[in-house]
There are 2 protein chains.
Amino acid sequence: MISSGHDERAIGIFDSGVGGLTVLREIRARLPGEHLIYLGDTARLPYGTKSPASVLQYARQAVSHLVLSDIKLLVVACNTASAVALAPLQDELAPLPVIGVVHPGARAAVAARPGGHHLVLATEATVRLGAYGKAIRSLDASAQVDELSCELLVALAEEGWTTGGVADAIVGEYLQPVLDTDDSDKISSIILGCTHFPLLRTPIRNFVGDAVSITDSASTTAAVVEQALRNRKLLRSESSAAFLQLRATDGARRFARVGGTFLGTDLQPHDIDLVDL
Amino acid sequence: MISSGHDERAIGIFDSGVGGLTVLREIRARLPGEHLIYLGDTARLPYGTKSPASVLQYARQAVSHLVLSDIKLLVVACNTASAVALAPLQDELAPLPVIGVVHPGARAAVAARPGGHHLVLATEATVRLGAYGKAIRSLDASAQVDELSCELLVALAEEGWTTGGVADAIVGEYLQPVLDTDDSDKISSIILGCTHFPLLRTPIRNFVGDAVSITDSASTTAAVVEQALRNRKLLRSESSAAFLQLRATDGARRFARVGGTFLGTDLQPHDIDLVDL
């Protein structure tokens, strides 16, 4: 299928649910000529409260499904799965390029605030593994990193209550104690370390003010994907229209309703293919 | 193992996670001499956003595990699993008595407000199936029933934010629109149709005031369990101390932390046995 520096195969994008659609949206904006296959493991979401062993097992099963579709690159568009499973998946799938969202997010935050004090908002599993802290300190030894588990923000984004009094109250409840204890060395950067959280950028911005940088992984991950395809001469020739396939392991109706918010377009249940892992 | 009208075997209690511990607590209070085995399917929670087909499959696997422990009665202490899977499980496990939480909850609400206007707060899956509405109308043809999906309350209870400004704001966001559209025939009864929601009784009570009855399934389910054991002469002889076994399919640390809140006692990770379904 590879001919003269082009590759017509699709990019595979894997997430625990619909949150990774924020990453898909950025990839599609940057690479409109690329075929995309998205798989959301909605039957077993959320990953963020599960143990590392379960997350690794679920990720392996989901990725095996995508690999059967003969993809040319895999994006692990879930922070928890990236934190837990990226290295083993890269080993097991080599030479397939596998790109996670933690390192791109860390890189973007360090670029925005060199030597900064970063606060990572993420799921319980991502925080427990300290994945962002390690990634940031490997890029910027002078950086300071705090990580905060914010499970309720996942449900808040899925409910679609992304602005208003409830969103403001929940964001405040999480952030106020951190800001209160931090008068000596103020936080200069917030990292949205879960693909659900870009939907909550407005209440977070309202709470922390304009001086704090707010970074998510979606845009930088899309840039890393483009670079990886260019370096390996794997871009499509773009001679024909690109397809987008959305697959989920459960609940097409809910995927369409909630996923439409994340993708920024209207989705119908028949747009989603249900697959059994 | 059955002798002279007693049965030393344990009661099996199954839930998707830790919420069913509110039911276990009531059963233990009422039947302190009974052995209890609790299984929380934490590897696949929450059930409330999953499709009926997935919920039925998960419930069957979890229940098979409990049946291998030679139980004398099974409690499906999860509203979603009760709504989706109770009838098939009763068929498949007969003659083992299988008790769900939807009918006991409906019975308690009807007893509290005969001819009343009930508002059921539940998960998306329970609401979609209309299980409480059917159960209530089968008991009280004059009752009126509305059902409201409140996914965010599950995450709120798990985060432990059961009182305070955030809990009040979320409860108000769900209930205000219902109360606003309901001036012609005021709601007289609220049913907590998810085992997580008894933890949020205080903010719900604060919002609706004292005139509205608030019912959960836990206490009535425990009464139904006691009656079923008495009728079948299956109570323990109570000559020796009763055991409590807590099992989960993932995350002993999180189960202990969150489950302790639900059980009203301190739990440690080593109190939980991890099982693989």
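Does S189(A) count as buried or exposed, and at what relative accessibility? In this predicted model, local features need pLDDT of at least 70, side-chain atom pairs count only at pLDDT 80 or more, totals for chains, interfaces and linings use all residues, and side-chain values use heavy atoms, with hydrogens and water left out. Residues are numbered from 1 along each chain as its sequence is written, while chains are lettered from A and ligands numbered from 1 in the order in which they are written.

S189(A) has a relative accessibility of 0% and therefore counts as buried; the term buried denotes under 20% relative accessible area, exposed denotes over 50%, and partly exposed covers the values in between (1.4 Å probe, protein chains only). The residue S189(A) belongs to strand β9 (residues 189-192) of chain A. Helices (H or I, at least four residues) and strands (E, at least two) are DSSP runs, numbered from the N terminus. When residues up to four places away in sequence are not counted, S189(A) touches A109(A), R113(A), H117(A), H118(A), L119(A), V212(A) and S213(A), a contact being defined by heavy atoms within 4.5 Å.

Chain A as a whole contains 11 helices and 12 strands. Along the principal axes, the C-alpha atoms of chain A fill a box of roughly 60 × 40 × 35 Å. Of the 277 residues of chain A, 62% count as buried. Among the contacts in chain A with a separation of 6 or more, 77% come from residues 24 or more positions apart. The accessible surface of chain A is about 10500 Å², and carbon and sulfur atoms hold 50% of this area; accessible areas come from the Shrake-Rupley method with a 1.4 Å probe, and for residues only the protein chains shown count as cover.

Several local backbone features were identified. In chain A, a cis peptide bond with omega of about 10 degrees joins A94(A) and P95(A), and P95(A) lies in the loop between α3 (79-93) and β6 (98-100). In chain B, the peptide bond from A94(B) to P95(B) is cis, with omega near 10 degrees, and P95(B) is placed in the loop between α3 (79-93) and β6 (98-100) of that chain. Helix α3(A) has a kink of about 65 degrees at A85(A), shortly before the proline P88(A); the bend at a residue is the angle between axes fitted to the seven residues ending there and the seven starting there. Buried residues of α3(A) include A85(A), L86(A), L89(A) and L93(A).

Positive phi values occur in residues other than glycine. K233(A), which is not a glycine, has a phi of about 55 degrees and is found in the loop between α10 (217-231) and β11 (244-248) of chain A. With 55% relative accessibility, K233(A) counts as exposed. Phi of D70(B) is near 60 degrees, and this residue lies in the loop between α2 (52-67) and β5 (73-76) of chain B. D70(B) is partly exposed, its relative accessible area being 35%.

Helix α7 (residues 151-159) of chain B is mostly covered, with 8 of its 9 residues buried. The buried residues of α7(B) pack against α7 (151-159) and α11 (252-263) of chain A, and also against α5 (124-129), β8 (144-149), α8 (165-180) and α11 (252-263) of chain B. Just after α7(B), G160(B) adopts a positive phi of about 85 degrees.

I170(A) counts as buried at 0% relative accessibility. Apart from neighbours within four places in sequence, I170(A) is in contact with L152(A), L153(A), L156(A), W161(B), V166(B) and I170(B). The C-alpha atoms of I170(A) and L153(A) are separated by 7.6 Å, the two residues being 17 residues apart along the chain.

D140(A) occupies the loop between α6 (131-139) and β8 (144-149) of chain A and is buried, with a relative accessible area of 9%. With neighbours within four places in sequence left aside, D140(A) is in contact with V110(A), R113(A), P114(A), G115(A) and G116(A).
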